[in-house]
Amino acid sequence: MDRLVDISILMLEGTQVTLEIFFVTLLLALPLGLFAALGRLSSWKPLSLLMEFYIWLMRGTPLMLQLLFVYFALPMVGIRLPDIGAALLAFTLNYAAYFAEIFRAGIQSIPKGQYEAAETLGLTYAQTMRRIIMPQVFRIVLPPVSNETINLVKDTSLIYILAMNDLLRVARTIVQREFDMTPFVIAAVFYLVMTFVLTWGFKELEAYYGKYDR
Amino acid sequence: MANTTAEQARGAKIMLELRDIHKSYGGTEVLKGIDLTLKRGEVLAIIGPSGSGKSTMLRCLNFLEKIDRGSISIKGETLAFTDESGEVHYATGSDRRRLLSSMGMVFQQFNLFPHMTVMENLLEAPLTVKGRKREEVLPEAEALLDKVGLLEKRDAYPGKLSGGQQQRVAIARALAMKPDIMLFDEPTSALDPELTGEVLRTMRELAAERMTMVVVTHEMAFAREAASRVIFMAGGVIVESGDPQEFFAHPQEERTRAFLKNML
């Protein structure tokens with residue numbers, strides 16, 4: 001029993017790294033994804049094409065490859081980031097691309113009549129987006145954003161290859177040292193707890209924003 | 001009659017003036033030169049078959065569609081004009097917003113904001129656009145909801161209302177901006193037949209209050225009884241225009257007669 005507690009304490013430290021990557025990525029990737037979506041929908045062709053290329057690049061290559069690229073290839077051209085910075089850069093760029101596509105679909109699903117009603121009432125484009133369109137978009141994109149967010153919890157385990165002591169790496173280190181599989185089970189429980197909390201949180205959010213549903 | 005004379009005496013103000021409006025989509029010309037003048041207090045009903053350009057014309061009035069040629073002026077101020085080279089120029093920035101805000105628009109599909117309550121729908125534009133104070137707008141909004149008979153629904157979301165109720169809220173929302181002209185784009189066409197009555201009643205009340213109105217409609221009874229003038233559009237032109245009684249009793253043009261025969 002004592003051993004179980006000791007292992008768990010070690011793994012809580014790993015969880016800290018995991019959560020740090022998770023929260024910072026989410027905090028950066030959500031707004032970046034929104035701007036990328038707006039850029040993608042822009043009537044200014046160069047911007048729209050650039051965003052399309054960015055999204056294609058990020059979604060079309062493995063996240064693992066992107067991590068390795070930022071970690072090993074960038075220093076070769078003189079861009080040296082701290083370990084955690086490299087991981088955050090790769091995660092943020094990758095997840096922003098996925099969020100961008102979710103936001104784009106959400107924005108495009110709002111009927112044209114909403115823009116027209118806002119325009120005839122005298123709202124500017126910025127006011128229309130902020131007050132009328134985005135609140136409706138948030139409601140629509142919550143389920144797919146929830147999906148991606150849960151994926152992100154699990155994808156953070158990829159930083160394992162960058163030799164950072166996240167939850168998974170701590171578990172594996174103990175397993176290799178003591179020839180005991182228990183840490184893997186504990187790691188699984190830790191991940192499950194995190195995704196459970198997220199699932200619950202998003203359900204609450206959906207209920208709150210869904211209050212106007214028919 | 002006394003009313004008309006009084007208006008003539010003070011030279012009844014021209015609210016809306018369209019000259020030679022042309023509009024094409026792709027290669028198809030939808031409006032082929034529309035001329036129209038609307039005076040204060042007039043209720044203009046626009047009827048015609050679908051594809052006749054009547055909704056497009058209405059949408060050109062408030063900038064939802066851009067004209068290809070012609071001129072539009074609102075209360076004597078220019079919204080759009082065509083220069084000698086044939087290029088259309090619109091008023092810009094705050095000038096344009098001010099002109100457009102003198103017109104309220106009611107859509108076929110209501111277009112209420114679904115994430116806001118009925119009351120929030122009414123308050124949105126006065127607060128956000130005009131920057132007025134909430135406590136100042138609130139009693140006005142309550143009075144408007146009372147007028148359309150929906151004060152008890154103030155905290156309901158649009159999705160919980162019937163189509164007729166939603167459209168009455170949409171009318172109240174447009175009125176909350178205190179427009180001088182109200183535009184209606186087939187306001188009852190998306191409604192179940194038994195719900196059109198309540199919306200038309202609200203519109204008749206507005207007409208009785210001498211609101212200047214342009215109503216694109218398929219409701220012949222409304223056109224005949226509530227309008228002060230009817231125009232019949234077909235193929236992108238105004239075919240016939242006149243006093244409602246006269247128009248429905250003795251249509252002059254063959255196309256008008258054929259259309260009315262199908263409608264009545």
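This is a predicted model: local features need pLDDT of at least 70, side-chain atom pairs count only at pLDDT 80 or more; totals for chains, interfaces and linings use all residues.

Student: What makes up the secondary structure of chain A?

Tutor: Chain A comes to eight helices and zero strands. From the N terminus on, its elements run α-α-α-α-α-α-α-α. The C-alpha atoms of chain A fill a box of roughly 70 × 50 × 20 Å along the principal axes.

Student: Why are strand E2 and strand E6 of chain B said to stand at the edges?

Tutor: The sheet in question is open, with five strands of chain B in the order E2-E1-E4-E5-E6 and antiparallel pairing. Strand E2 (28–39) and strand E6 (88–90) of chain B each have a single partner strand, so one side of each is left without a neighbour in the sheet. From one strand to the next, the twist averages 15°.

Student: Which helix lies across E4, E5 and E6 of chain B?

Tutor: That is helix H3 (residues 93–101) of chain B, which runs at about 110° to E5(B).

Student: What is the strand order of the sheet of six strands in chain B?

Tutor: This open sheet has the order E7-E8-E9-E3-E10-E11 in chain B, and its pairing is mixed. Strand E7 (103–106) and strand E11 (237–242) of chain B are the edge strands, as each pairs on one side only. Neighbouring strands of this sheet are turned by 20° against each other on average, direction ignored. Helix H6 (residues 163–175) of chain B packs on the sheet, where H6 touches E7 and E8 of chain B and makes about 170° with the direction of E7(B).

Student: How many bridges join strand E8 to strand E9 of chain B?

Tutor: Strand E8 (residues 181–185) and strand E9 (residues 212–216) of chain B are joined by five bridges and run parallel. Within this pair, Met182(B) stands opposite Met213(B) in E9(B).

Student: How many residues of each chain are in contact?

Tutor: In chain A 21 residues are in contact with 24 residues of chain B. The two chains bury about 2100 Å² between them, with 60% of it on carbon and sulfur atoms. In chain A, Thr120(A), Leu121(A) and Tyr212(A) lose the most area to chain B, together 31% of what that side buries.

Student: Which elements each supply at least two residues of the lining of the largest cavity?

Tutor: They are helix H5 (112–120) of chain A together with E7 and H6 of chain B. The structure holds one cavity of 30 Å³ or more, and the largest cavity has a volume of about 80 Å³. Its lining includes Thr120(A), Leu121(A), Met105(B), Phe107(B) and Arg173(B).

Student: What is the make-up of this lining by residue class?

Tutor: The lining residues divide into eight nonpolar, three polar and one charged. Arg173(B) is among the lining residues, and Arg counts as charged.

Definitions and conventions
Residues are numbered from 1 along each chain as its sequence is written. Chains are lettered from A and ligands numbered from 1 in the order in which they are written. Side-chain values use heavy atoms; hydrogens and water are left out. Two strands pair if DSSP finds at least two bridges between them. Helices (H or I, at least four residues) and strands (E, at least two) are DSSP runs, numbered from the N terminus. Axes are lines fitted to C-alpha atoms, for helices over the stretch in contact, and angles run from 0 to 180 degrees between N-to-C directions. Contact means heavy atoms within 4.5 Å. On a 1 Å grid over the protein atoms alone, a cavity is a set of points where a 1.4 Å probe fits but cannot get out, and a pocket is an open set with protein on both sides within 12 Å along at least five of seven lines; lining residues have an atom within 4 Å of a point. Grid points are joined across faces, edges and corners, and a volume is the space filled by probe spheres set on the points. Buried area is the accessible area (1.4 Å probe) that two parts lose on being put together, summed over both.
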